[in-house]
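Please look at the sequence and the model first.

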Amino acid sequence: MDLLAGARVVTGYGAHGDSDEEITKGLDDLGRLAAEGRLRPVIDSRYALDGFEAGYTRLASREAVGSLVLEL
């Protein structure tokens, strides 16, 4: 309901099966949104690089909401 009540917009992009032109446009759009400060990725959790297995377990559990970040 927050999306509807707040007039929020959700934008996503998946490149599976797209042409090179569509992929280029999608990446250009994402770059523009990032440059404008309008791209706000959701980060579920962070893991040290040597803890990647725990991160993968979290991802595979399908309980993660957002991205997982591996840190060096």
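In which strand is the place of S45? S45 sits in strand β1, which covers residues 43-48. The model described here is predicted.

## Overall make-up

The protein chain contains three helices and two strands. Read from the N terminus, its elements follow the order α-α-β-α-β.

Of its 72 residues, 7% count as buried. The accessible surface of the protein chain is about 6200 Å², and carbon and sulfur atoms account for 56% of that surface. Among contacts in the protein chain with a separation of 6 or more, 17% are between residues 24 or more positions apart.

Is S45 buried or exposed? S45 counts as buried because its relative accessible area is 16%, and the cut-off for buried is under 20%.

Leaving aside residues up to four places away in sequence, S45 touches R58, S67, L68 and V69. The side chain of S45 also makes a polar contact, at 2.9 Å, with the side chain of D44.

## R62 in a loop

R62 lies in the loop that runs between α3 (52-60) and β2 (67-71). With a relative accessible area of 77%, R62 is exposed, as the cut-off for exposed is over 50%.

What is the phi of R62? The phi of R62 is positive, about 65°, although this residue is not a glycine. Most residues other than glycine have a negative phi.

Key
Residues numbered from 1 in each chain as written. Predicted model: local features only at pLDDT ≥ 70, side-chain atom pairs only at ≥ 80, totals over all residues. Heavy atoms only, no water. Helix = DSSP H or I, 4+ residues; strand = E, 2+ residues; numbered from the N terminus. Buried < 20%, exposed > 50% of the residue type's maximum accessible area, 1.4 Å probe, protein only. Polar contact = N/O pair within 3.5 Å; in protein donor to acceptor, adjacent residues only side chain to side chain. Contact = heavy atoms within 4.5 Å. Areas by Shrake-Rupley, 256 points an atom, 1.4 Å probe, with all protein chains shown as cover.
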